[in-house]
Each structure stands twice: as structure tokens, then as C-alpha cells.
Amino acid sequence: MRGRERWPMPETNRLDEVLSRCAAGAMPTRVAAMHLAATLEVVAALSDWGLLGLERTVLDIGCGIGRLEAALSPLSGAVIGLDVSAAMIEQARTRCAGFPNVRLLLGSGHDLAGIADDSVDLTVLVDTFPCLLLSEGELAERLLAEIARVLRVGGDLVILGFSHRDDVVSERRDLERLAQPRGLSLARTVTRACASWDAPAFHLTKRGSWPACRQ
Ligand SMILES: C[S@@+](CC[C@H](N)C(=O)[O-])C[C@H]1O[C@@H](n2cnc3c(N)ncnc32)[C@H](O)[C@@H]1O
């Protein structure tokens, strides 16, 4: 879904509620359906790769308005959504009010303060990594080190959308250069994980030797 459409996303993942908002003229049905489909495609990809489960804690960095949190809630033990934007977190709190296992955190933008070491099974970034690469001060490197800190050994990291460069070979090379020294190894590259969005997905895992390279 490159160049996302400028309509607001539906405030719920419940199809009946989305359809009634469309019927009331609050949003075009096609756009609402696209947003829902894109969210569900991400969930389906994570499920296909065996990364979801009721015993797992999922962290979504750059959670935006919390659409993924609402969709992951029934499929996860706990879901943590973190965003640097207070406005996004406020919307996510409204959307996820009915999901008791979702925790939403306003982050500093350069660390994962408030999330304990070795406490997360799966970290996802959906269309957030490009923001990190565009920021100054080696933000991508710092956040990858933080991700390695909070992931359990053997835990998973999925980056959906890396740089919008449309060159998966150089993206993979750049990601490996950033991730390897931080104890994260590439396990899988999927050129197109979602039919509705042409971004590649990168799946990494945290190696057991992480404490030796923590910095
Ligand atoms: C393109 S949006 C994607 C939102 C959401 N993942 C989705 O797919 O709907 C990127 C999000 O990343 C957040 N973001 C950007 N830099 C961040 C940072 N350093 N730490 C946490 N969130 C960040 C932005 O505030 C924004 O909500």
C-alpha cells in the first residue's frame, strides 16, 4: 500500500462497525476495506511464520493508531504498542480500550524505556523503520540495540518496510550490517509479504550470544 491513501483509518477492526461507518458516509467502503485487509494480511503473515501465540508478548514499535494491537490482542498473551507521537498513542488508547492485554506506551523515540530486558517474544515494525533511517544520530542502530535488549534469546523481530528503496538486495545487506553486531541474525526475507502493500518483510532472530555484544 505504498503512498497510503489520505483517508482516516477505521477506528475498529470489527467488520460490522466498519461497514456501519461506511454506510453512514464517514468513510468510503473501499478505503476502509483496504485498511482492514492490510492489517489482517500482516497478522496472517506473522501467523504463517509461526510467530503468534497466546503465550507470546508482542511489541509493536511505531504502533500509530493501534490497528495492529487490536488485531493481535485475541491472538497474543500481551501486546505492547509504542509510539513517539502522543496523538497516535491517544487514538490507539481509544481504539484498544476494550482489549485488556494491550498496553500502550508513549516512547522517547530513541529507546525502549519501560520495557524490561528479555521480556518480549516478538517485535514488529510496520512501516516504521524508514522513519528511523531518516532520523539523525544513528537512531536505527540505537533502537536495534534496544530491541535486542528487550527480546528474549531466540525471540523474533519482523521489519515490514525497511527504507522504501525498492531494492531488496541492498536493503537486506544494509539491515544485516546494522543488525548482526547487535546480536540479531536474518532468518527470512520475503520480497512481498502482503498483496496490498509492496514492501519486503525481514524476519530476524536474537542469537544466544547477545550479552557478549551488548553495546
Ligand atoms: C507510517 S506510520 C506506521 C504506523 C503503524 N505501524 C501502521 O502501520 O499503521 C510510522 C509510525 O512510527 C512512529 N515513529 C516514528 N519514529 C519513531 C520512533 N523513533 N519511535 C517510535 N515510534 C516512531 C510515528 O509516530 C508513526 O506513528
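The following legends describe close-up views of a predicted protein model.

Local features require pLDDT of at least 70 and side-chain atom pairs count only at pLDDT 80 or more, whereas totals for chains, interfaces and linings use all residues. Residues are numbered from 1 along each chain as its sequence is written.

**View 1. Overall architecture of the predicted protein.** The secondary structure comprises seven helices and seven strands, where helices (H or I, at least four residues) and strands (E, at least two) are DSSP runs numbered from the N terminus. Along the sequence these elements follow the pattern α-α-β-α-β-α-β-β-α-α-β-α-β-β. Of the 215 residues, 41% are buried; a residue is buried if 20 or more other C-beta atoms lie within 10 Å of its own, exposed if 12 or fewer, and partly exposed in between, with C-beta atoms placed from the backbone. Among contacts between residues at least 6 apart in sequence, 63% join residues at least 24 apart, a contact being two C-beta atoms, placed from the backbone, within 7 Å.

**View 2. The shell around the ligand.** Of the 17 residues around the ligand, G62, G64, S85, G109 and C131 come nearest; a residue is near a molecule if its C-beta atom, placed from the backbone, lies within 6 Å of it. Strand β2 (76-83) and helix α5 (129-134) each supply at least two residues of this shell. By class, the shell has eight nonpolar, six polar and three charged residues. Here Ala, Val, Leu, Ile, Met, Phe, Trp, Tyr, Cys and Pro count as nonpolar, Asp, Glu, Lys and Arg as charged, and the others, Gly among them, as polar.

**View 3. Helix α6 and the largest nonpolar core.** The buried residues of α6 (residues 139-150) include L143, L144, I147 and V150. The largest nonpolar core has 53 residues, and L59, L144, I159 and L160 have the most contacts inside it. Helix α6 gives the most to this core, with seven residues. Such a core is a set of buried Ala, Val, Leu, Ile, Met, Phe, Trp, Tyr and Cys residues joined through C-beta atoms within 7 Å. Not counting residues up to four places away in sequence, L160 touches V42, L125, V126, D127, A193, A199 and A201.

View 4. In α7, the buried residues are E171, L175, L178 and A179. Seen down the helix axis, they fall within an arc of 85°, so they line one face of α7; the arc is that of the directions from the axis to the C-beta atoms.

Methods: The expected span of a helix is 1.5 Å times one less than its number of residues.
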